[in-house]
Amino acid sequence: MSTSSAAGVSLSHFEVPSYRTLIRFAVPVMLAAIATPLMGMVDTAVLGRLGNPAVIAAAGIGSTIFTVIYWCFAFLRFTTTGLVAQAMGRGDPQEVILAGLRPMLAAVAGGLFLWLLKWPIAWASLRLLTPPPEVLPLARQYVDARIWSAPFTLLSYAQFAWLMGQGRANAVMLLQVVMNALNVALALLFVLVLHWGIAGAAWATVTSEACITVATTCLMLKSSPFAQWRAALAHAIGGPAWRRLFSANLDIMIRTLLLTGCFALMTKRGAELGTMELAANQILMQALLLTANLLDGFATAAEVFGARAIGTGSRAALVHIVRRNAWLSLGWSMTLSAVLVLVGPTYFAAMTSNLSLQHAASLYWPWVAGLPLICIWAFLWDGVFMGAVRTRTLRNAMLGSALIYTPALYIFSGLWGNHGIWAAMMVLMAARTLFLSLAWPGLKHAVTAP
């Protein structure tokens, strides 16, 4: 058996991807993934030209609200990729379509439901996060506009996951790049030319996501004709498959709600420290989200190829895939940390023209630069367990991590202020890594050896 890193390893009837194959898969995944945080960075940078920290703080509050809301539906992305990849591994083309159709139907229903609840959502969210008085009306403007993206955002989760599960990372990358370019152009137009203020940034996001959803639908119909989707619709309504889907998705929903709740708690704690700290954390969080999505490339590779190995029942292949992605993840996280150390001053100047805010953000930058070295392992294990659809393990690991993180956040921030908030984030990521590492032997031995 060849173990060359330049070529795949053949284990039984499964070809283990080489390091080169994993890199070629992960790079477009990363480029596709950074489109969403880049949209947030663009909004922050464009609003930063207005020179008012309250506007940036309001965008941070609004973004946090929608992160929590939309990531309650993140199962549309995560379990879909794993189920599609497993169906590919089994060579079941009908199940490939069904694995995408069910979450897409759920996405449309969920988006329409959020439209109906837009007023109570805005009221409850803003009361919970308690932004400073000068931030509150601006945050309300952002929320009122951004809610209209709900069906498009959720549908794109399922659509992109369906494409990713088939290994079509290049198509997802292209769609995300186009969406980001459109968002940049519209944000500049709506905010700086038409002077729509913070609402303009939100409407730019809504419009760009709607356009890309239409484009993705056309691409999917081109690869799988409408007749196949229509024929699958009758099977998509069956009860047992939906019960399996929602059973897995309930775990992911709880896990994701806990994770986004931790970020929301971070935002709330920053708001309690003042507008300047809240605005600084918004700038730092945009960099962290961008970095997290860059780190997620090899986690997605582990998810897709690991799911295929599980679909074929090859334990040895799964172990090889996890090991290779771990080495690649280590090197990549070290590279990103080094880059973050170097680009800090340039990044602050690009995000805001307010010198006081630039200085405030720079004080906490070392935390952001160090986080990739901790985050990468939590992300990698997330990918492995998502591919295995071991959603209960992910839920329990996140629950344990949140129970550790919450007291740490308040204790550390009480002792060290905003530095303590970022120290608690380190604790959260380290705890996630620990719990999932302990669960790995159970997953490995559950896969039938070839």
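A pocket is an open set of grid points with protein on both sides within 12 Å along at least five of seven lines. In the predicted model described here, the largest pocket holds about 350 Å³ of space. Its lining comprises 18 residues, and I65, V68, S125, L128 and A264 are those nearest the centre. Helices α3 (53-71), α6 (118-129) and α12 (239-273) each contribute at least two residues to this lining. By class, the lining of the largest pocket consists of 13 nonpolar, 4 polar and 1 charged residues.

Two or more lining residues come from each of α5, α8, α10 (198-223) and α11 (226-236). Of the residues in the lining of the second largest pocket, 10 are nonpolar, 2 are polar and 1 is charged.

Two of the helices that contribute to the second largest pocket, α5 and α8, also pack against each other. Helix α5 spans residues 93-116 and helix α8 spans residues 150-165; the angle between them is about 165° and their axes are 7 Å apart. Because this angle is over 145 degrees, α5 is roughly antiparallel to α8. The crossing of the two helices is right-handed. On the α5 side, the contact is formed by V96, I97, G100, P103, M104, A107, V108, G110, G111, L112, L114 and W115. These residues meet A150, P151, L154, L155, A158, Q159 and W162 of α8. The contact between α5 and α8 contains 15 nonpolar and 4 polar residues, and no charged residues.

Helix α16 passes α18 in a left-handed crossing. In the contact of α16 with α18, 21 residues are nonpolar, 4 are polar and 2 are charged.

The structure contains 2 cavities of 30 Å³ or more, and the second largest cavity has a volume of about 40 Å³. The lining of this cavity is made up of R255, D382, L394, A397, M398, R432 and L436. The lining of the second largest cavity divides into 4 nonpolar and 3 charged residues, with no polar ones.

The packing of α1 (residues 19-33) against α14 (residues 315-351) has an angle of about 55° and an axis separation of 11 Å. An angle of this size makes α1 oblique to α14. The two helices cross in a right-handed sense. Y19, L22, I23 and M30 of α1 are in contact with R324, N325, W327, L328 and W332 of α14. By class, the contact of α1 with α14 has 7 nonpolar residues, 1 polar residue and 1 charged residue.

Key: Residues are numbered from 1 along each chain as its sequence is written. This is a predicted model: local features need pLDDT of at least 70, side-chain atom pairs count only at pLDDT 80 or more; totals for chains, interfaces and linings use all residues. Side-chain values use heavy atoms; hydrogens and water are left out. Axes are lines fitted to C-alpha atoms, for helices over the stretch in contact, and angles run from 0 to 180 degrees between N-to-C directions. Helices (H or I, at least four residues) and strands (E, at least two) are DSSP runs, numbered from the N terminus. Angles under 35 degrees count as roughly parallel, over 145 as roughly antiparallel, 65 to 115 as roughly perpendicular and the rest as oblique. A crossing is left-handed if the near helix is turned anticlockwise from the far one by less than a right angle, and right-handed if clockwise. Contact means heavy atoms within 4.5 Å. Ala, Val, Leu, Ile, Met, Phe, Trp, Tyr, Cys and Pro count as nonpolar, Asp, Glu, Lys and Arg as charged, and the others, Gly among them, as polar. On a 1 Å grid over the protein atoms alone, a cavity is a set of points where a 1.4 Å probe fits but cannot get out, and a pocket is an open set with protein on both sides within 12 Å along at least five of seven lines; lining residues have an atom within 4 Å of a point. Grid points are joined across faces, edges and corners, and a volume is the space filled by probe spheres set on the points.
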